[in-house]
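Have the sequence and the model open as you read.

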Amino acid sequence: MSEVSLELQRQLKQHQGLSKAQILKRGLFIFIGAVLMAVGLEIFLVPNQVIDGGIVGISIILSHLLGWQLGLFIFLLNIPFFFIGYKQIGKTFAVSTLFGITILSIATALLHPVPAFTEDLLLATVFGGIILGIGVGIVIRYGGSLDGTEILAILANKKLPFSVGETIMFFNIFILGSAGFVFGWNRAMYSLIAYFVAFKTIDVVIQGLDESKSAWIISENYREIGDAIIARLGRGVTYLNGEGAYTGDDKKVIFCIITRLEEAKLKSIVEEHDTTAFLAVANISEVRGGRFKKKDIH
């Protein structure tokens, strides 16, 4: 499942109240994200007949066929999903989503008369996808959504034998395929590129550029490795008690959080102290609390 879906599901579980400062911060960033998405659509993608996936993609197709404002379709088509999932979503997420969709609809209407920034299809596709992805990523990161597809997929996941990611993928394949009949297959292929660029950009925004990783190390020389990580990486470590399922021997497991830039140095530290050590490294989307802040190293 993508980081987008995981983040949305995490947001669905948030029901606690927010302070006024948190509400203001959330509203500001959702506003910025929605405007950025509108810029990506109206200044880059839509004028060049390149579409996005989800409800926005359907809105672009309908707007082209019927000649109505894009923002009107985005608002009207998303509203049903807002009401369908309201009870499961929770008030905070629902209000954030409604606010973001409203701003997106208004911003697309205001930006519609603005001429396209470029008529080069490749440039429009790549930069439109990046700007759109940044906008959507910001909104998701601050507790909202700009497309009812994700909400529908999360709700459908409870009754259908498909994951959230698979449901969204099937839905978007259908939409991007439909673009081929409306705008031509050349534009449909560019739309697929824009969707991929936006999807990857959303993941980067949600995870952050300084992506964190979790590391699990099993070694007889755990103390030396742990001390070296603290001294040379400036990262805290935790020693966990483990037991080998096959041998029944007691094991010490080192757990620590590092950034992707520190992964190579961690591997070299482990190899220096124990060439036979077990090392597993995995991406993680968010780190909060504890003592993750990097210490000074000498």
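Lys 267 and Glu 263 both lie in which helix, and how many residues apart are they? They sit in helix 12, four residues apart, or about one turn of the helix. An α-helix has 3.6 residues a turn, so residues three or four places apart point the same way.

A quick word on ground rules. The model is predicted, so local features need pLDDT of at least 70 and side-chain atom pairs count only at pLDDT 80 or more, while totals for chains, interfaces and linings use all residues. Numbering runs from 1 along each chain as its sequence is written, and side-chain values use heavy atoms, with hydrogens and water left out. Helices (H or I, at least four residues) and strands (E, at least two) are DSSP runs, numbered from the N terminus.

**Salt bridges**

Searching the whole structure turns up five salt bridges, each being a side-chain nitrogen of Lys or Arg within 4 Å of a carboxyl oxygen of Asp or Glu. Three of them go in the table.

| Salt bridge | N to O distance |
|---|---|
| Glu 263 – Lys 213 | 3.7 Å |
| Glu 272 – Arg 232 | 2.8 Å |
| Lys 267 – Glu 263 | 3.3 Å |

Take Glu 263 and Lys 213, a salt bridge with its closest N and O atoms 3.7 Å apart. That pair links distant parts of the chain, with Glu 263 in helix 12 (residues 263-273) and Lys 213 in strand 1 (residues 212-218), 50 residues apart. Both Glu 263 and Lys 213 are buried; buried means under 20% relative accessible area, exposed over 50%, and partly exposed in between (1.4 Å probe, protein chains only).

Then there's the salt bridge of Glu 272 with Arg 232, at 2.8 Å from N to O. Glu 272 belongs to helix 12 and Arg 232 to helix 11 (residues 222-233), so this pair ties together parts that are 40 residues apart in sequence. Glu 272 counts as exposed because its relative accessibility is 52%, whereas Arg 232, at 29%, is partly exposed.

Back to the pair from the opening question. Lys 267 is partly exposed, with a relative accessible area of 40%, while Glu 263 counts as buried at 17%. Salt bridges with shared partners join Lys 213, Glu 263 and Lys 267 into one network.

Which residues of helix 12 are buried? They are Glu 263, Leu 266, Ile 269 and Val 270. Looking down the helix 12 axis, the buried residues fall within an arc of 120°, so they line one face of the helix; the arc is that of the directions from the helix axis to the C-beta atoms. The face turned away from this buried side carries the exposed residues Ala 264, Glu 271 and Glu 272. Cover for the buried residues includes strand 1, helix 11, strand 3 and strand 4 (278-284), where contact means heavy atoms within 4.5 Å.

**Aromatic pairs**

The structure holds seven aromatic pairs. Rings of Phe, Tyr and Trp (its six-membered ring) pair if their centres lie within 6.5 Å; planes under 30 degrees apart count as stacked, over 60 as edge-to-face and the rest as tilted. One of the pairs is Phe 181 with Trp 185, edge-to-face at 5.0 Å centre to centre and 70° between the planes. Phe 181 is exposed at 69% relative accessibility, and Trp 185 is partly exposed at 48%.

Another is Trp 216 with Phe 255, tilted, at 4.5 Å centre to centre and 50° between the planes. This one links distant parts of the chain: Trp 216 is in strand 1 and Phe 255 in strand 3 (residues 250-259), 39 residues apart.
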